[in-house]
Protein chains: 2
Amino acid sequence: MALNAYELTASPYKLVAFATALYDARMLKVFRTFLAVSLFVLAVAFNPSARADEGMWLFSAPPLEQLKEKYKFEPTQRWLEHLQKASVRFNSGGSGSFVSATGLCITNHHVGADALQKASSEQHNYLKDGFYAKTNTEEIKCADLELNVLISTEDVTARVSAAVKSGMTPDQASAARGNAIALIEKESKEKTGLRSDVVTLYQGGAYHLYRYKRYDDVRIVFAPEQQMAFYGGDPDNFEYPRFDLDICIFRVYENGQPGKVDDFLKWNSRGTSDGELTFVSGSPGKTDRQLTLDELAGTRDRFLPYLLRMFNRREVLELAYGARSFENARRARDDLFGDQNNRKRYNGYLAGLLDPETWLLLRAREQKLRDAVTNDPKLGSTGAAFDRIKNAQAEVAKNAPMYNYLEQERPISVGYRGPRAFSGNLFKYARLLTRVIDERAKPNGERIPEFRDSAKESLELELFSTEPVYDDYETLRLTDSLTDFASQFGANDPLVQKVLAGKSPHARAVNLVTGTKLKDVAVRKNLYTKGAAALQAAHDPMIDLARLVDTPARDARKIHDAQEEIKKQAYSEIAKARFTIEGTGSYPDATFTLRLSYGTVRGYEQDGKQVPAFTDFAGLYQRSAEHDNKPPFDLPQRWIDKKSNLNLSTKFNFVSDADIIGGNSGSPVVNKANEFVGIIFDGNIQSLVLDCIFTDKQARAVSVDSAAITEALRKVYDAGALADELEGVK
Amino acid sequence: MALNAYELTASPYKLVAFATALYDARMLKVFRTFLAVSLFVLAVAFNPSARADEGMWLFSAPPLEQLKEKYKFEPTQRWLEHLQKASVRFNSGGSGSFVSATGLCITNHHVGADALQKASSEQHNYLKDGFYAKTNTEEIKCADLELNVLISTEDVTARVSAAVKSGMTPDQASAARGNAIALIEKESKEKTGLRSDVVTLYQGGAYHLYRYKRYDDVRIVFAPEQQMAFYGGDPDNFEYPRFDLDICIFRVYENGQPGKVDDFLKWNSRGTSDGELTFVSGSPGKTDRQLTLDELAGTRDRFLPYLLRMFNRREVLELAYGARSFENARRARDDLFGDQNNRKRYNGYLAGLLDPETWLLLRAREQKLRDAVTNDPKLGSTGAAFDRIKNAQAEVAKNAPMYNYLEQERPISVGYRGPRAFSGNLFKYARLLTRVIDERAKPNGERIPEFRDSAKESLELELFSTEPVYDDYETLRLTDSLTDFASQFGANDPLVQKVLAGKSPHARAVNLVTGTKLKDVAVRKNLYTKGAAALQAAHDPMIDLARLVDTPARDARKIHDAQEEIKKQAYSEIAKARFTIEGTGSYPDATFTLRLSYGTVRGYEQDGKQVPAFTDFAGLYQRSAEHDNKPPFDLPQRWIDKKSNLNLSTKFNFVSDADIIGGNSGSPVVNKANEFVGIIFDGNIQSLVLDCIFTDKQARAVSVDSAAITEALRKVYDAGALADELEGVK
């Protein structure tokens, strides 16, 4: 379900015909065909006349030419602005959109899951059982959810780039750029009152200032049962056909009142139709399409195996804990869900990177650029940039264990949940407190980015979260991560010994979890307000641990950042060469900022059979029957009881060839009239390699049709008032 | 369930008072107490007057003195011989015993699981649903199960040691010893007709020749539902109190007729009682109690983390595969079960090794020996042996990736299932065929041990197994292991590229699995008979792969074996020093050969509460009710229906302080009258560190009481005839 689909490199050719096969003998035929036609594929791939619906485009540089040429469609500036301002970024890691004038905001259930988990208790398992607030007063305020709406953007490349003078060391360059960015953000925020982030595009080829309206009073309105949102579970995840009602509806509030929203999407309860042109507006998280081959080889041989070991470990831990009791299972539910999803997603990406056919395409793509660089006397020096990236990446890899275990906190989009040695919320709070107090003593421009003034409100939302903290689950995760840490560096490592303080991992975790006062929001607020002296005087074991590892953690970050700076400069040089060679009419790799994709609703061929674009409710009941209604193919009781109410031919899920990836989860799908006709929630298995390369042969984005949503709300969930609000019925 | 409990180092002192805590806050109190009393603990630990029921004793050197001193019990030679010959080793990795004159042999369900899995099909899931043959003709012959009964032993240390001359290189020494061993085994087998194995004891301090009667026509008579055998699933595994009917009953056949057994254990349906002295006779797999601290540090920092990554990876793979359909779940059932069990077991052992208190005890133990060595002028040179082991172990570690991925096949007892790069049965057959044909061309003494003449019948049983082979499951596992292999060495590694042959791991796996003919037993028999030319002419892709990796695999083995030889010589020297200092009245580390343990049936204190020695059927129904009869705490329907038949106060499981470990699973528990009163099936969580050190404070062996078995057979399973045979009722 964590939505997946993908974009292409910033090059004018496009790659068609692609197949990834995972653990599944039925894919054999595809592979054979594929090998046989690989030369043909390459020929097609480099034929610039066959335009696919490719690209995660900046709203400031939309694919007007492509839309006009292929679809004879010319969106107006107002059309674009309306869609932009109706689009909502969920900072917990997803996308969404406004769908009513009074602040209703729809996203995926799996994007809302974090908020549902945090709002639940032993008495109310909203994540599992669902929720519906019939009136505004019943809506539940989220613990720490922040939504962002993009208001305006500005190209600040010149100003940012000017800060870096030739001859600076990587450290100096990084500091100078950081300072310039901090100043731009601060000025913008002070001038506009809007959250202001400078976004790095093209791996350093451009810098844009993004201004967002923030919402941090967000309330839960509706969620189905997780079993209905994630019907088919892990086996059906990243597969198609699908039957998932993967939605969750929130409402934004301002000053304690439902938000008044001008730009919201008009709801179209007829949904979309086969062959229709649709648009997707959302925040894709991260793609690797402009990485060099050397860096991608590192992703394949080092980074993805590392991530997968981490997800395997967590999945086993959470399953074993959850099997002990219903309450344990509830506590670990969202974590388990996320880890299983990431495990399947990255297994798929790794399978793609281990396919020599993929590699052939990637190599051809890079070679074409390198040849063009070599042949252009003005760009000749750019060739060396590839080697600088390779060398820097080798240093990053060497430093990775220290960096990952002690420092790495982000991005959430690849499944990180804090430095790997110290799992759990309590260490997170201790880390944030020690860091914010140290950092705010420095000039704004010299701080670590997440502690700049421009990020203050978001930081406070996170630090003062009302998310419940469970001692046993904290202890479990901390025991496991301390064990992992000791295994990584050896129990005799001096830092491991300092961290464990003469105790076993379990005894140390118990000591930390039972000893800290940071569970209490008031304690965190008090320490945050009072500052350094209070922090020291607290003698809180978790804070003392965060302090103990702060220097080695910052040292690891410094090494990491210096190498990333070298890479940034080299990628910036390559990006400029690419602009020179290919023009600027392309789009940058995904950066969890707003992008526009487009595509046709259409099925695909697999194993010689046509997979239709749409499923319907009848198909859901059929799949359940085929599996004796046993998990993960069981239906919630409500869906069994209300079957006769439903129009079984209602469109349920559909696929299109729009170019999306993780982070696009919850993105609205709109038609040419800018009406809401569906919501993205997944990519199929064939799309999992598309982190690094685009194809539309079989790769598809998977959505819930709007028709299914209103039908289910009215006929299954007795949520007619909510359906009325969506449909604009007075 | 994979039984766990443990023995002590061959030193005269013993270690009391111990606590391992896993993921569980309730253990906090134990830890605190433990820290407070650690000095006291050390004092007790080194007090040789407090004799615990410790040791996995050789039947040729039983603990007569200890039994007489503490229990006033003096078993006769005939008593010992009877128990020895009634004890049965399951070569799939467990223990058992004869319990009728007509060949009934009882073991644990989890030991029989391998045979039950192999006998099952989509139509009959005997592993999950259980099985009962009311008549001999209904009994199901196992695919490849071999049972061994120890008939006699002989000390051949002098003859083996004489083969190694001073001045030999490790390779020469290893070859000379191998040759001597092969000759001894061959002579013995030719003379007696019995399976003859030379067993290395005390890590090389002694060599004994063991002669076994082999049974390879073994038939399944009875198994309960796995849910009853493993009631409580992973959460209750290695925990106590327990409610598991972990039994499985086979019958041995000779010449197509039920075997006639003279030495079988008389069944006592009253079971055992609190405080009673009991004996355990079985084949504990492996302990680490005589390893040096340096080697144990490697176990902690390298080997166990490696194993756990492997088990995590497999568990996730098998769960994901099994979730797709009932049939998938059935196919992966026994593998999943084994991997989950090993994961929990080795997590527990790692937790123990990461506890500084454990380390303190281990260090004191080694220091005592080292001091004694230093103080004895005749032993002074032995000090250097510790360093030789350290250096050799470092070389083993360096070579480990190649060795583990290409060669490592055994021991099954730590969860290996073939070389890690090539999972599945089909590669196993290809490897066995290429190896046996290469090896049998050599003189017997120069062969790899498993291909010596003395192992011929066992090899053929394995190679010609009728175990079903599922293409999809083979492809899944092979895809995953090839992916793992590529991640370990990098996709550009020359050997990885040769192995993948220009394909993705999945495509290569499909190509191998669909291309090979080795699924067919007749094909394997034919190739085995015809030999090298036929093998080459077969052009079978799996055989070609086995051939392709044979040289690097053998090279890795050679490096491994040379270092192990250095270690063996050093450990032999240390063992001799220990004999000099402490006498020869102790027992060697476990070697999956027959041992005698003894202990008192008794509960223990945990968190200030007494855990009673026994559970009963009433407790089973109570635990189920507490968890709403939901998995893994659900009862089979039969147990719900037959509840009123049962005497609910029947003793079900019990604990004793006997010294056991993995491999003891299924060992009979007998009373002083040599009657069968129970069957070992597990160790509790506090016993999981005891691989390396003994304690009887909380560590307990867990058994099914014989009373529960006959009660269940008669009242739940309508298996009166079987119960009659056990009880010797005419």
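**Entry 1: a helix pair in chain A**

I began with helices α15 (residues 425–439) and α16 (residues 456–463) of chain A, whose axes come within 10 Å and cross at roughly 145 degrees. I took axes as lines fitted to C-alpha atoms, for helices over the stretch in contact, with angles running from 0 to 180 degrees between N-to-C directions. Helices (H or I, at least four residues) and strands (E, at least two) are DSSP runs, numbered from the N terminus. The crossing of α15(A) and α16(A) is left-handed. Left-handed is used if the near helix is turned anticlockwise from the far one by less than a right angle, and right-handed if clockwise.

I then listed the residues. A:Tyr429, A:Leu432 and A:Val436 of α15(A) make the contact with A:Leu459, A:Glu462 and A:Leu463 of α16(A). Contact requires the C-beta atoms of two residues, placed from the backbone, to lie within 7 Å. By class I have 5 nonpolar, no polar and 1 charged. Ala, Val, Leu, Ile, Met, Phe, Trp, Tyr, Cys and Pro count as nonpolar, Asp, Glu, Lys and Arg as charged, and the others, Gly among them, as polar.

**Entry 2: what kind of model**

The model is predicted: local features need pLDDT of at least 70, side-chain atom pairs count only at pLDDT 80 or more, and totals for chains, interfaces and linings use all residues. Residues are numbered from 1 along each chain as its sequence is written, while chains are lettered from A and ligands numbered from 1 in the order in which they are written.

I checked confidence next. pLDDT is the predictor's confidence in each residue, from 0 to 100. Chain A averages 91, and 92% of its residues score at least 70. Residues 1–50 of chain A stay under 50, and the model has 148 contacts beyond four places in sequence for them. For the complex, the predictor gives an ipTM of 0.91 and a pTM of 0.92.

**Entry 3: chain A against chain B**

I superposed chain A on chain B with a rotation of 180 degrees and 0.0 Å of shift along its axis, at RMSD 0.0 Å. That is the relation of a two-fold axis. A:Asn312 comes closest to the rotation axis of the residues of chain A, at 2.9 Å (C-alpha).

I counted the interface: 46 residues of chain A are in contact with 46 residues of chain B. On the chain A side, the elements giving two or more residues are α1 (28–36), α10 (233–236), α11 (293–322), α12 (326–353), α17 (471–489) and α19 (505–515). α11(A) gives the most, with 10 residues. This side has 23 nonpolar, 11 polar and 12 charged residues. The copies meet through the same surface, because 100% of the interface residues of chain A are also interface residues in chain B.

**Entry 4: domains of chain A**

I looked up the division of chain A: domain 1 (25–146 + 217–272 + 601–727) and domain 2 (148–215). The bounds come from an automatic or database domain assignment. The C-alpha centres of the two domains lie 32 Å apart. I found 12 residues of domain 1 in contact with 6 residues of domain 2. On the domain 1 side, α4 (77–86) and β2 (87–90) each supply at least two residues. β2(A) has the largest share, 3 residues. By class, this domain 1 side has 3 nonpolar, 5 polar and 4 charged residues.

Note on methods
Least-squares fit on C-alpha atoms with pLDDT ≥ 70 in both.
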